[in-house]
Amino acid sequence: MINGNTRTCGLIGNPVEHTMSPVIHNTLADMLSHNLVYVPFSVEEGGLKDAIKGAFALNLLGLNVTVPYKSKVIPFLSGIDDLAQKIGAVNTLVRNSEGFAGYNTDMPGLYRAMCSEGIEIQGQDVILLGAGGAARAVAFLCALKGANKVYLLNRSLEKAVVVAEEVNSKAGRECIYPMALAEYRQLPEKSFLAIQATSVGLYPDTDRAVIEDQDFYSRIHTGYDLIYKPADTKFMQLVKKQGGRAFHGLKMLLYQGVIAYELWNHVSVPEETALQVYEILKEKMGIRELL
Ligand code: NAP
């Protein structure tokens with residue numbers, strides 16, 4: 001029940017109408033008996049600085065940040081965690097005495113999701129599709145967790161080159177190799193973990209995959225699509241058709257939320273509780289598990 005002691009957290013971005021984050025945080029607050037409410041706030045372009053100032057003045061405990069503000073918010077923070085600084089993107093703000101400190105929970109969220117599915121990164125040869133905001137976090141994850149070689153394929157080669165150079169230099173090892181998407185036939189003859197981090201195949205454009213050539217998928221033992229709507233993407237279908245295992249990104253969404261919740265409330269969310277929230281998320285999204 002909301003009362004005089006209720007703490008508020010929220011999401012800033014634009015658009016925010018379709019977010020599943022309130023389901024994650026309000027369910028966690030309920031299950032863990034925390035007096036906390038989580039609300040989405042649509043912030044207009046140009047209003048970001050005022051939104052952060054206003055959130056601090058209103059005593060908000062924390063915020064998530066989504067498209068298009070994950071990088072733009074950085075100048076308005078009172079501090080930034082090392083990992084978020086390296087990635088150059090912040091998706092979680094934690095209140096401190098001077099303002100909000102920025103964190104990135106997308107990357108550890110993806111790592112936790114992959115661990116929970118038994119997916120290894122260490123020593124793996126990886127194909128990373130995309131060079132946008134999410135792909136940058138994935139490239140860091142692969143570099144920091146000891147992937148062998150990461151082939152970063154993007155439609156525009158220039159963006160792939162920029163991300164690869166930055167990640168290699170900040171991670172202190174040369175493991176990201178940029179390539180144009182159209183050159184996928186030049187990939188070495190190996191067996192790969194493939195991580196799909198483009199927006200191709202996202203609802204409502206569900207009958208497309210960023211690469212549709214079946215031969216490409218015969219080299220993939222595991223495919224992880226960051227997209228979770230739909231929960232069975234064309235990319236996943238192509239991986240499975242060639243005998244690989246395929247996963248959607250809903251667990252990444254779950255764990256980035258769980259980690260943000262842990263930062264705000266200084267708690268450790270039990271795995272059993274996180275998985276109960278996952279079941280509720282799937283139900284809300286009409287997903288009957290297909291894995
Ligand atoms: P973004 O920064 O806009 O990047 C989009 C990427 O998709 C770029 O690499 C872009 O290539 C590529 N792309 C777009 N249209 C393409 C096309 N027609 N053909 C080939 N490549 C195309 O987006 P983002 O924030 O990184 O998000 C990427 C995906 O990850 C989205 O689907 C998002 O829903 C998902 N995501 C999921 C989670 C989660 O918690 N599960 C978290 C974050 C993101 P160019 O550079 O050539 O334009």
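This is a predicted model: local features need pLDDT of at least 70, side-chain atom pairs count only at pLDDT 80 or more; totals for chains, interfaces and linings use all residues.
Residues are numbered from 1 along each chain as its sequence is written, and side-chain values use heavy atoms, leaving out hydrogens and water.

**Helices α1 and α9**
- Helix α1 (residues 21–31) and helix α9 (residues 250–265) have axes that come within 10 Å and cross at roughly 50 degrees.
- The two helices, α1 and α9, are therefore oblique to each other.
- On the α1 side, the contact (heavy atoms within 4.5 Å) is made by residues including Ile 24, His 25 and Leu 28, while α9 brings, among others, Gln 256, Ala 260 and Trp 264.
- The residues of this contact divide into 9 nonpolar, 4 polar and no charged.

**Asn 64**
- Strand β3 (residues 62–65) holds Asn 64.
- Asn 64 counts as buried because its relative accessibility is 3%; buried means under 20% relative accessible area, exposed over 50% and partly exposed in between, with a 1.4 Å probe and protein chains only.
- A polar atom of the Asn 64 side chain lies 3.1 Å from the backbone oxygen of Asn 91.
- Not counting residues up to four places away in sequence, Asn 64 touches His 25, Gln 256, Ala 260 and Trp 264, among others.

**Ala 51**
- You will find Ala 51 in helix α2 (residues 48–57).
- With 21% relative accessibility, Ala 51 counts as partly exposed.
- Ala 51 and Gly 201 are 150 residues apart in sequence, and their C-alpha atoms are 32 Å apart in space.

Key: Axes are lines fitted to C-alpha atoms, for helices over the stretch in contact, and angles run from 0 to 180 degrees between N-to-C directions. Helices (H or I, at least four residues) and strands (E, at least two) are DSSP runs, numbered from the N terminus. Angles under 35 degrees count as roughly parallel, over 145 as roughly antiparallel, 65 to 115 as roughly perpendicular and the rest as oblique. Ala, Val, Leu, Ile, Met, Phe, Trp, Tyr, Cys and Pro count as nonpolar, Asp, Glu, Lys and Arg as charged, and the others, Gly among them, as polar. A polar contact is a pair of N or O atoms within 3.5 Å; within protein, one must be able to donate a hydrogen and the other to accept it, and residues adjacent in sequence count only if both atoms are side-chain atoms.
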